[in-house]
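Trainee: I would like to learn how to read the features of a protein model. Could we go through one together?

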Amino acid sequence: MRHHTLGQGLRTAALGLGCMGMSDFYGPGDETESIATIHRALDLGVTFLDTADMYGPFTNERLVGKAVAGRRDEVVLATKFGIERLPDGTRVGVNGRPDYVRRACDASLERLGVDHIDLYYQHRVDPAVPVEETWGALKELVEAGKVRHLGISEASAATVRRAHAVHPITAGQYEYSLFTRGIEDEVLPAFRELGIGLVAYSPLGRGILTGAYTGSENLSGDDFRRHNPRWQGDNFAVNQALAAQVGDVARSIGATPAQVALAWVIAQGEDVVPIPGTKRVARLEENAAATEIRLTAEQITVLDGLAAQVAGERYNAEGMRSLNR
């Protein structure tokens, strides 16, 4: 397994595993298969695992904690706070209050069954709380030994700079793929200036880039992608045609579309780590093999043009309002 280095010298596998879909958002899960997938990931060297308290809610951290029990030393364990949900799934809102930060961290440690979190992200920025106050509490968690590294997700470049001034940011988790490249304008340059790594979530365009779907009718009834603008009507037709171009590149090198899409993200820098999500061993093995692919400059040029043609926003209106604060 190749390795990349995020900020503050955090070295990890060049490809991680997003665990969200094992418990929430992408239809029903299977705990046995999910744990087997995590174990296979560790065997293959995919040792960077990503979860969050709001996935489930709460159940995903417990699942990940169960899966890594006895193998904690092999894992770079990342989780997140800030999108507050009740046990029944009700969304309370974004919360960045210092007292909540402390309580959320302690609860995550308990659910994960560990004594420290390797990378702890602010999942979304609370517009009602100055980011300096949130990060003051996060700095205390580092000083207490409960957290090793700090991260931020979907914040504006200006907010990143303010948070980084309170305590160095190790990584920013942002949607980044052949279909989503908006952070290249301001956020990614700020990261490179400040020495912050990028953790790329949804590097497969929430599945469209795999070429495995013909539309939202392929999805289970409780799959949140049914309400995603990029999966709707004419938008999906446009995006499916773009994904077919990834398939053309894949066939030319004897790879799968997913592997090509992941290889493109990995090629964007030694400070970039994609975290494709899956809950199946076979998909995990397919994704892990992407680290062995080296795309040519000509292939990258072909792939680079796709994002400008993508149809539809990446979230619904409510989701878009929570970004870039």
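This is a predicted model: local features need pLDDT of at least 70, side-chain atom pairs count only at pLDDT 80 or more; totals for chains, interfaces and linings use all residues.

Trainee: Which residues line the largest cavity?

Mentor: Its lining is made up of E175, F179, G205, R206, I208, N228, R230 and W231. Sorted by class, the lining of the largest cavity has three nonpolar, two polar and three charged residues.

Trainee: What is the volume of the second largest pocket, and how many residues line it?

Mentor: The second largest pocket has a volume of about 340 Å³. The number of lining residues is 20, and E154, G182, I183, R314 and N324 lie nearest the centre of this pocket. Seven residues of the lining are nonpolar, five are polar and eight are charged.

Trainee: R314 is on that list. Where is R314 found, and is it buried or exposed?

Mentor: R314 is found in the loop between α10 (297-304) and α11 (317-321). Its relative accessible area is 13%, and buried means under 20%, so R314 counts as buried. Leaving aside neighbours within four places in sequence, R314 is in contact with E154, E175, T180, Y201, R206, N228, R230, M320 and L323. Among these contacts, E175, R206, N228 and R230 also line the largest cavity.

Trainee: Now the sheet. What is the order of the strands?

Mentor: The sheet is open and has eight strands, in the order β3-β4-β5-β8-β9-β10-β11-β12, with parallel pairing. β3 (17-18) and β12 (272-274) stand at the edges with a single partner strand each, so one side of each has no neighbour in the sheet.

Trainee: How many bridges join strand β4 to strand β5?

Mentor: Strand β4 (residues 48-50) pairs with strand β5 (residues 76-81) over three bridges, in the parallel sense. To locate the pairing, find F48, which stands opposite V76 in β5.

Trainee: And which strand is joined to β10 by three bridges?

Mentor: That is strand β9 (residues 147-153), and the two run parallel. Here G151 stands opposite A171 in β10.

Trainee: Which way do the residues of β10 point?

Mentor: The general idea again comes before the case. In a regular strand the side chains alternate between the two faces of the sheet. In β10, A171, Q173 and E175 point one way, while G172 and Y174 point the other way. Five of the five residues of strand β10 (residues 171-175) are buried, so this strand is largely enclosed by the rest of the structure.

Trainee: Where is V125 found, and which residues does it touch?

Mentor: V125 is found in the loop between β8 (117-122) and α4 (131-143). This residue is buried, with a relative accessible area of 7%. Not counting residues up to four places away in sequence, V125 touches V94, I152, A155, T159 and R325. As for E140, V125 is 15 residues from it in sequence and 18 Å from it in space, C-alpha to C-alpha.

Trainee: What does the UniProt annotation cover?

Mentor: The unreviewed UniProt entry gives "domain: NADP-dependent oxidoreductase" for residues 15-306. In the model, that span is 40% helix and 15% strand, and its end C-alpha atoms lie 22 Å apart.

Methods: Residues are numbered from 1 along each chain as its sequence is written. Side-chain values use heavy atoms; hydrogens and water are left out. UniProt positions are given in the numbering used here, feature names are shortened, and annotations may be inferred rather than shown by experiment. Helices (H or I, at least four residues) and strands (E, at least two) are DSSP runs, numbered from the N terminus. On a 1 Å grid over the protein atoms alone, a cavity is a set of points where a 1.4 Å probe fits but cannot get out, and a pocket is an open set with protein on both sides within 12 Å along at least five of seven lines; lining residues have an atom within 4 Å of a point. Grid points are joined across faces, edges and corners, and a volume is the space filled by probe spheres set on the points. Ala, Val, Leu, Ile, Met, Phe, Trp, Tyr, Cys and Pro count as nonpolar, Asp, Glu, Lys and Arg as charged, and the others, Gly among them, as polar. Two strands pair if DSSP finds at least two bridges between them. Buried means under 20% relative accessible area, exposed over 50%, partly exposed in between (1.4 Å probe, protein chains only). Contact means heavy atoms within 4.5 Å.
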